[in-house]
Amino acid sequence: MKCRTKCPKSINKVLLKYFLLLAVLLTVLVEVVCFFFVKSSMDAQARDRLTHTGSEISAFIKTADEKEISEYMRGYAKDGINVYIVAPDGEVLLPFGATEGEWSGEIDGVINRLNSVSGGSVLYAENSNLNYATAVDYGGGSFLVASYSLKIIRSAMKVLLGYFIIAGVVVLLVAVLVSYTISQKLSDGVKNLSTTAVRFSKGDFNVNFANAEYKELADLSDTLNSVRDEVKKSGDFQRELLANVSHDLKTPLTMIKAYASMIREISGDNPEKREKHLQVIIDEADRLTGLVNDVLSVSKVNSGLDAINPKVFNLTEFLYGIINKFDYLQETQDYKFMVDIDANLYTRADEEKIGQVIYNLMGNAVNYTGEDKTVYISLKKSLTDERIKLTIKDTGKGIAKDELPEIWNRYYRVKENHSRPVKGTGLGLNIVKIILENHSFDFGVESEIGKGSSFWVDFPAVPEKIEMQ
Ligand code: ADP
């Protein structure tokens with residue numbers, strides 16, 4: 001994939017980079033610390049041995065003859081320590097056979113150093129040697145000088161450095177290998193998900209996002225699977241809605257066309273018949289409007305575009321306002337609305353959407369109520385004054401127990417009603433459900449076959465003017 005601005009980084013490369021960086025840092029840190037630790041402990045050991053050797057020989061000189069001292073001094077040579085007794089003029093007195101040349105130091109330097117310290121002995125580095133010097137009781141103001149060649153330490157350190165370099169290279173190789181393995185595993189998982197997502201984007205809803213190896217990827221897979229389900233559901237819904245809506249549009253349109261033709265050809269001159277036929281056209285047009293409104297509302301509430309905008313309002317007045325809109329049914333079609341409404345109840349909710357809820361419930365009660373055409377509406381405060389219960393009850397056929405949970409689903413209509421729909425789309429209660437769920441209000445229905453249904457909503461009661469956030 002080509003990118004124009006900033007290219008995203010590859011997991012493999014980033015992991016490799018950071019692993020190498022970490023490996024180099026750790027290796028250098030560990031090796032530098034080890035190197036200096038080893039070096040300083042070797043230095044300290046050399047100093048100790050030299051001082052110890054010097055003082056041992058000084059003590060030995062007091063008790064032994066020249067030959068023994070000479071042998072004793074040579075004995076240290078195999079440990080890398082050369083010991084000489086030197087006269088103040090630089091002549092090497094002991095061990096026998098040693099020449100001035102063997103001792104590479106300068107006697108003046110030794111004398112000056114000894115004079116500058118108190119305690120009679122001095123330890124100093126000179127010409128790649130570590131020297132210990134002390135005045136000894138060997139006549140003529142002579143000195144004992146013990147020398148340890150620092151070259152031994154240096155070459156040991158060189159060998160150590162060589163090992164460290166090899167170890168460093170091995171650590172880097174291991175880092176490359178580990179980072180490659182991990183990044184490969186990680187990116188394989190991501191690649192699999194991405195391949196599946198491409199298939200999904202091309203419309204294959206049977207894909208399964210699977211990754212159980214890493215928790216984060218497993219979570220992502222779960223999320224993608226639920227996105228797939230949602231997209232599938234929404235696709236199904238749209239197809240189903242389109243099929244149902246177009247089916248439902250056909251009936252009123254056919255009716256409108258048929259009755260319009262009838263008025264033109266038959267009933268145009270007969271006021272009574274014409275009135276009846278015009279009423280059918282008006283009713284069917286109302287059905288169409290209801291259908292279109294429901295489809296618009298359901299797609300709006302489902303898309304979540306319709307955010308809730310709560311405020312405190314007088315629910316009592318609001319309910320009366322909606323009931324008044326149904327007045328024409330009382331006047332023209334003998335409907336009866338029996339109300340039992342407490343005065344001045346305030347709640348906090350999205351007024352417009354609650355209006356839609358009440359309107360849908362009232363509409364259903366009117367549509368499905370029994371022969372007596374009666375609808376009971378009550379709005380009551382709870383005993384604790386904290387809740388308000390709205391109940392809209394009809395005297396219709398009721399809803400069977402097994403249908404009760406279904407009626408809230410999109411486009412669900414109880415079968416018996418569906419064959420000859422009174423008026424409606426099967427979307428009304430779904431809109432009610434989504435709005436009330438978005439408000440977190442309790443709601444429900446109680447229904448008994450042959451006796452009617454009672455839909456209820458539980459509102460919070462709030463004081464009149466307090467606007468809470
Ligand atoms: P519709 O637009 O068909 O009324 P709703 O979503 O409002 O759709 O209701 C879904 C179904 O629930 C209705 O088709 C009807 O079968 C049933 N229903 C809703 N309200 C009542 C009621 N008060 N009495 C009997 N059945 C009802």
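Student: If I leave aside its neighbours within four places in sequence, which residues is Ile358 in contact with?

Tutor: A contact here means heavy atoms within 4.5 Å, and by that reading Ile358 is in contact with Phe318, Leu319, Ile322, Leu390 and Ile392 once the neighbours within four places in sequence are left aside. Before we go on, please note that this is a predicted model, in which local features need pLDDT of at least 70 and side-chain atom pairs count only at pLDDT 80 or more, while totals for chains, interfaces and linings use all residues. Residues are numbered from 1 along each chain as its sequence is written, and side-chain values use heavy atoms, with hydrogens and water left out.

Student: How many residues does the largest nonpolar core have, and which have the most contacts inside it?

Tutor: In general, nonpolar side chains of soluble globular proteins tend to be buried together. A nonpolar core is a set of buried Ala, Val, Leu, Ile, Met, Phe, Trp, Tyr and Cys residues joined through side-chain atoms within 4.5 Å, where buried means under 20% relative accessible area, exposed means over 50%, and partly exposed lies in between, with a 1.4 Å probe and protein chains only. The largest core in this model has 50 residues, and Phe337, Ile354, Ile358, Ile377 and Ile392 have the most contacts inside it. Helix α9 (residues 351-368) gives the largest share, seven residues; helices (H or I, at least four residues) and strands (E, at least two) are DSSP runs, numbered from the N terminus. Both domain 2 (215-299) and domain 3 (307-460) give residues to this core, so it lies between them. A second, separate core has 24 residues, among them Leu50, Val83, Ile85 and Met157.

Student: Which domains does the assignment give, and how far apart are the C-alpha centres of domain 1 and domain 3?

Tutor: Domain bounds come from an automatic or database domain assignment, which gives domain 1 (13-155), domain 2 (215-299) and domain 3 (307-460) for the chain. The C-alpha centres of domain 1 and domain 3 lie 104 Å apart.

Student: How many helices and strands does the chain have, and why is it described as more spread out than a compact globule?

Tutor: The chain has eleven helices and twelve strands. Its radius of gyration is 51 Å, well over the 23 Å that the globule rule gives for 469 residues, so the chain is more spread out than a compact globule. That radius is taken over C-alpha atoms, and the rule is 2.2 Å times the number of residues to the power 0.38. Along the principal axes, the C-alpha atoms fill a box of roughly 160 × 55 × 40 Å.

Student: Is Thr27 buried or exposed, and what does it touch?

Tutor: Thr27, which is placed in helix α1 (residues 11-61), is buried, with a relative accessible area of 12%. Not counting residues up to four places away in sequence, Thr27 touches Gly168 and Val171.

Student: Where does Met255 lie, and which residues does it touch?

Tutor: Met255 lies in helix α5 (residues 215-265) and counts as partly exposed, at 30% relative accessibility. Leaving out residues up to four places away in sequence, Met255 touches Val280 and Glu284.

Student: What joins Leu94 and Pro95, and what is phi of Asn344?

Tutor: A cis peptide bond, with omega about -5°, joins Leu94 and Pro95, and Pro95 lies in the loop between β2 (92-94) and α3 (107-116). Asn344 has a phi near 50°, a positive value in a residue other than glycine, and its place is in the loop between β7 (336-341) and β8 (346-349).
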